[in-house]
Amino acid sequence: MISYLSEINDIRLASENALKDIGLQVNFAVSETTMPSFGDITTNAAFVISKAKKIPPSDAIALFLVNFKPKSQKFLEVVPHTSGFVNFWLKTEFFNKFINEVIAQHGFGDIDVAQKKIAIEHTSVNPNKALHVGHARNVIIGDTFYRLLKRLGHRVAVLNYIDDTGVQVADLLIGFKEMGFSVDGDGQKYDHYCGDVVYVKANKVIENDLRLKEVRSNILKALEAGDETYKFANRIVSRIVSEQLKSAWALGARYDLLNWESHFLHAGYWNEVFDILKSKGAVQYVSEGKNAGCWVLKGKKVLIRSDGTAVYTAKDIIYAAWKLGIVNDRFGYDFFANQWDGTSLITTSLDKKGVKSYNPADISYIVIDQRQEPIQQMIKEVVEAVIPDKKYKIIAYGLVALSKNTAEKINANIENEKFVHMSGRSGVFFNLDDLYFMVKGAAMEIINKRNAPLENKERVAEGIAVSAIRYSLLKIDLDKQIVFDIDDALKLEGDTGPYLQYSLARAMKIIEKLGPLKIPCDIGVLNSEEERALLLSLTKFDYELNKSYETVSLSTIANYAHELAVQFNIFYEKHRVIDEKSELVKNARGCLVLAFTYIMTDLFQVLGIPVLKEL
RNA sequence: GGGCCCGUAGCUCAGCAUGGAUAGAGCGCUGGCCUGCGAAGCCGGAGGUCGCGGGUUCGAAUCCCGCCGGGCCCGCCA
């Protein structure tokens, strides 16, 4: 498919060949221009020639141009600049071809990449509580990256790991078994009941009670062993996971497979993994010093204690090894739930032998917050050393904290700090379901105020809530910490998800009222600055998606969607479509608007933003 | 003590992968635009030592080094 990216690649290849012919093999850049007035694409290749050959820029440009032979010459206007840059303008023929291809395919069409088998793990929230806004960042980053991988053409499996044998679950069980909390709940959503009420209270009591600490340690052993206590826990945990999934589904996330820590333990993977690590020399036995008697990773991280038991990190290594196929799959597979997109969510199983639903990945991604990065980095090194042809990739993001204002609203004690980190244990968190409910309410308020004759206000408000929440978390760079403020989250104007939806709705309304277009269209009559800027932005679809993937930056896509929406709105304010008098211009503009709706819808799919025809 | 991340307008953030030619948005402040395809929109104004210092370079918000400020991690816990 012809695009901005295909032209950049063409220019890069032609420049490379030109430099080769001149006898140079050096680095140069082909990129976007810094100012629209300079053109659409630029290269500094002549600079490089000028420097290497010690000749003036003007001579270097001349030398470059006689050797420069791009394949798609008919699409490019070459404009050398006295400063030494060689600039390129994309011609009308290029835009015409692009728009007609987009319209013919109802979208951008396939993107040309080498297909890989990929697993991505995200969410993986302890199964004793509801998802809070920090978990929401994980879910949305993971789900959007999944959507991006999928859109690029890869085969992707989405995994969600359930740590059902950890301390958090044990604490919860104590709440039920020792403190008299009802296992059936109190009427509110079950994950909220367990996390907000039972767990917080139980944990507080246990921390000051030696007997209960003893009970907890026994429960942990029982969970690992898989006896009656485990079965009791399993019923509760499954119910909580089901509720957590509802919260994630509401945001447009979906999964392929649930993995359970207990399954890995009970299936007895550890010895196999440990043997492989030993045989590959990835783990060493230490005979003296403070780690005497232990098996150690990278000379610092103890993996097997001197008493022969494995530390927690061993479980992470087992999982990583399983994802990439370092160990043989011993699991059965079973149905867990139907999802909103029509797919089935599968779970591993220790007894049932359903259809094998997971094939080891070539590349495995894990979405984690920055605190876990060092340990995951170590796991990456170990795993990639054992199986060098596969990749273990880490997507780490900054923590989500609560603003002073927001913390006060949930009655958290914040003293003189500007923000506070969330903590499930101490009850300092803002639940995702509450955020969703409140944003939906804010959307509903606007809808009612405008008195818009919408068919299904409820569904529209939900769509707006999803876009507002997803976009606000995606547009911020992964490396950045977020201080969540509920008042900001409820604002639906400006650089927000609803702004994107609004732009698309406007465009779709035009198409709906416009009537049939003459295809193929000739957009040669469109020569205004605004029309050209919109056309240019549209052609950057695969360029931006590719950049987002290469740099693992989801804000890149979010910002691109915003830029497109801005370009469209500027065009919309300045030019009429339906009541345009010239039939030629009207048809051309109609095609431009139609192409915009296709590309934008395609982008929404990647971002997980619902398309609303009306809002 | 060792390591990771952040620092760009009053506030929240783009831009940094691949150095380039006048540093961009939103919110807030301020002045305009609906008898027009949807005003959740658009146009204008005010607002910037790109944390500080050095280095590399013809050229640095962008690359390198040091420092300062903020956040986080570093258990034979899970």
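How exposed is D256, and what is its relative accessible area? I looked it up: D256 is partly exposed, with a relative accessible area of 22%. My cut-offs: buried is under 20% relative accessible area, exposed is over 50%, partly exposed sits in between (1.4 Å probe, protein chains only).

**Ground rules.** I'm working on a predicted model, where local features need pLDDT of at least 70 and side-chain atom pairs count only at pLDDT 80 or more, while totals for chains, interfaces and linings use all residues. Residues are numbered from 1 along each chain as its sequence is written, chains are lettered from A and ligands numbered from 1 in the order in which they are written, and side-chain values use heavy atoms, with hydrogens and water left out.

**Salt bridges.** I count one when a side-chain nitrogen of Lys or Arg lies within 4 Å of a carboxyl oxygen of Asp or Glu. The structure holds 37 of them.

- D256 pairs with R254, closest N and O atoms 3.1 Å apart; R254 is buried, at 7% relative accessible area.
- I then checked R151 and D602, which meet at 2.8 Å, N to O. R151 lies in helix α5 (residues 133-152) and D602 in helix α22 (residues 583-607), so this pair ties together parts 451 residues apart in sequence. Both R151 and D602 are buried.
- I also found a network linking K189, D191, E243, K246 and D433.

**Helix α7.** Helices here are DSSP runs (H or I, at least four residues), strands likewise (E, at least two), numbered from the N terminus. α7 covers residues 190-207, and its 18 residues reach 24 Å from first C-alpha to last, close to the expected 26 Å; that expectation is 1.5 Å times one less than the number of residues. I noted a bend of about 35° at V198, taken as the angle between axes fitted to the seven residues ending there and the seven starting there. α7 is mostly covered, with 13 of its 18 residues buried.

**RNA strand B.** I called a residue near the strand if one of its heavy atoms lies within 4 Å of it. I got 62 residues around RNA strand B, the closest being R450, K480, Y502, H575 and L615.

For polar contacts I used pairs of N or O atoms within 3.5 Å. A polar backbone atom of D477 is 2.6 Å from a phosphate oxygen of RNA strand B. Y499 puts a polar side-chain atom 2.7 Å from a phosphate oxygen, and H421 has one 3.2 Å from a sugar or linking oxygen.

Conventions:
A polar contact is a pair of N or O atoms within 3.5 Å; within protein, one must be able to donate a hydrogen and the other to accept it, and residues adjacent in sequence count only if both atoms are side-chain atoms.
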